[in-house]
Amino acid sequence: MTEPGPNTLTAEAAQALGPARSPAGILWRRFLEHRLALGSLLVLILFAAAALAAPVIEQLLGHDATLVDLFNAKQPASLAHPLGTDELGRDLLLRLLYGGRVSLTVGLVAALCAAVIGTAVGLWAGYFGGAADALLMRLTDGVIALPLLPLLIVLAAIDLTKLGLPEALATSQDVSLYRIVVLIALVGWTTVARLVRGATLSMKTREFVRAARALGAGAPRIVLVHILPNVVSPIIVATTLSIGNIILLESVLSFLGLGIQPPIASWGNMLTNAQELIWDAPALAIYPGLLIFATVIAFNFLGDGLQDALDPRAVE
Amino acid sequence: MLRYIAQRLSESALVLLIMSFVIYGLIGLMPGDPIDLMINADPKLTAADAARLRALHGLDRPIWERYLTWLGGAMQGDFGFSRLHSRPVLEILWPRLGTTVILMGLSFALALLLAVPAGLLAALKPRSWRDAAVNVIAFAGISVPPFWLAILLIIVFAVLLGWLPAGGMAPRGAGLGAQIAHLALPVATLTLATLGGILRFVRAAAMEALRQDYVRTARAKGLGERQVVLGHVLRNAMIPVVTILALNFGALFSGALITETMFGTLGMGKTIYDSILGNDFNLALVGLLLATLTTLLANLLADICYAWLDPRISYD
């Protein structure tokens, strides 16, 4: 399909396609055609709903998700424990749901932070160019090329009190949550920055931007009102695709004992002890990984579908 | 060409110098210092002793002063002793670097051998079942948590089938069979974790190459399909693939770290991880720098391959 224009042929073709003719309608239809993406969206909504409903399910089952019961450790699935219990006798299903809350929240929040930083940096570098641009490109090259995981392990091992954080905050239980979001946002913004920079460079020379400048619009207005809305689709696609990667990264760090700290459950740290348990309780090693895998692949399919829907070049 | 290589090498040296300062600073921010570890080992040390020892070892001086001292030693080949192993750092790292290079090299070569033909076949028949299958494998490959993949492989091949060892290194002087058996699962894990990304790049690049005019020309002048695909499509498709693969070398190293940790393979990745968790500051620092150096050299190598693949590029 080409750009919709005023000629009759396109109009007829559009009529033949059906009633949805608004740009949003066309996008929605294209997205619906991508069955994998649609299925993925449904799966993700289901996971999110289940994670949100964790306290309700906890009430229904009638036991506390954090309750340690060593006499009932490594139980097989039963009516009271639909997926059995873990090595400390905690209910596996409830742990998975609460872990899902953490993993999904970290993925979404960190991806959003990374997208905001990346968009700001990309707009700045693309529009103003100069030394800031050169520095940015060097930095993104560096962040992409370096062995990231070992460096993240060092960053995750840093003693926050040495950075001047108050003792009470640095040793609080939730600090591992904030720390991992900050870490991932710090290394994750570069993809978006590059994309936004490239899109901004091409938008900058378009007629409507030059017209706005001729009418006396200042740089902030041009960048925020005229350029930003036109670079939104690569941002959406890159952010969706990055959520999957971030959930993977969080799970790796938590698995290695450097991400989300117990007793807070995350899918990654639920697998930390799995290696010793595969002989007598393989289910404990399988379920959390399966959920990570399903969530990440769903976000990747979703991002791929969005890319096809939003990128006009992909339509054949 | 030689001038270009020399320039790139000096750039890499600069990056390495900057990284050494950054990593030195970060390690300085990790909890505790060597004197704290001595106090733990010897409860008779008083606070006054500790202060005296800190002054003796220069730990009371500012970080940049300590860094310059370290750098002076490093320039003369003195990288210090490892706390965990009580041996010079380089003596420990060299053989482990070899293990990692073997692990990464084998996995990378295998992934490339599988991904290039598969990606090419998928691109030749888009929207066929073959393409769909390749696509699903590629998405699964980029979405699976590598540590969980390792757990699954251990469950299947070590626990259920009992064919392969679940981890560790072949004993010194063991035959080639034992060496291969111990490497099989780590290499399989890293190959599968690397495969997905390469598949997607190859498929996209081959689709792009197939659309070009020179492919139509080649077909028009009556070349057989074999020659068109191998001589024109493949060669041109490999150019962007090589660039992206070089940029992903850092990710390959991160994968190696996870794989080595999972299987207890004594390579660089596991050494870095253990040294960071074990407060072995010297070993962590030099290990991270060696990993960075390897990545930089791999990038340089990829750039040289790039020039060889694409005669249009000249570096003079």
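How many Å separate the centres of domain 1 of chain B and domain 2 of chain B, taken over C-alpha atoms? The legends below describe close-up views of a predicted model, and the first of them takes up this question.

**View 1. The two domains of chain B and the contact between them.** In chain B, domain 1 covers residues 12-75 and domain 2 covers residues 96-309. Taken over C-alpha atoms, the centres of domain 1 of chain B and domain 2 of chain B are separated by 37 Å. To the contact, domain 1 of chain B contributes 10 residues and domain 2 of chain B likewise contributes 10 residues. On the side of domain 1 of chain B that touches domain 2 of chain B, helix 1 (residues 2-28) of chain B supplies the largest share, with 8 residues. By residue type, that side of domain 1 of chain B is made up of 7 nonpolar and 3 polar residues, with no charged residue.

**View 2. Packing of helix 8 of chain B with helix 10 of chain B.** Helix 8 (residues 176-210) of chain B packs with helix 10 (residues 225-247) of chain B at an angle of about 140 degrees, and their axes lie 8 Å apart. Because angles over 145 degrees would count as roughly antiparallel and those from 65 to 115 as roughly perpendicular, the two helices of chain B are oblique to each other. The crossing of helix 8 of chain B past helix 10 of chain B is right-handed. Residues of helix 8 of chain B in the contact include B:Ile198, B:Phe201, B:Val202 and B:Leu210, while those from helix 10 of chain B include B:Val233, B:Asn236, B:Pro240 and B:Leu245. Of the residues in this contact between helix 8 of chain B and helix 10 of chain B, 13 are nonpolar and 1 is polar, and no charged residue takes part.

View 3. Not counting residues up to four places away in sequence, A:Thr119 touches A:Val192, A:Val196 and A:Ile235. A:Thr119 and A:Ile235 are 116 residues apart along the chain, yet their C-alpha atoms are separated by 7.6 Å.

**View 4. Helix 11 of chain A and the residue A:Gly216.** Helix 11 of chain A, residues 207-214, is hardly covered, since the count of buried residues among its 8 residues is 0. Just after helix 11 of chain A comes A:Gly216, which takes a positive phi of about 95 degrees.

Terms used:
Residues numbered from 1 in each chain as written. Chains lettered and ligands numbered in written order. Predicted model: local features only at pLDDT ≥ 70, side-chain atom pairs only at ≥ 80, totals over all residues. Buried ≥ 20, exposed ≤ 12 C-beta atoms within 10 Å, placed from the backbone. Helix = DSSP H or I, 4+ residues; strand = E, 2+ residues; numbered from the N terminus. Axes fitted to C-alpha atoms, helices over the stretch in contact; angles between N-to-C directions. Parallel < 35°, antiparallel > 145°, perpendicular 65-115°, else oblique. Left-handed = near helix turned anticlockwise from the far one by under 90°. Contact = placed C-beta atoms within 7 Å. Nonpolar A, V, L, I, M, F, W, Y, C, P; charged D, E, K, R; others polar. Domains from an automatic or database assignment.
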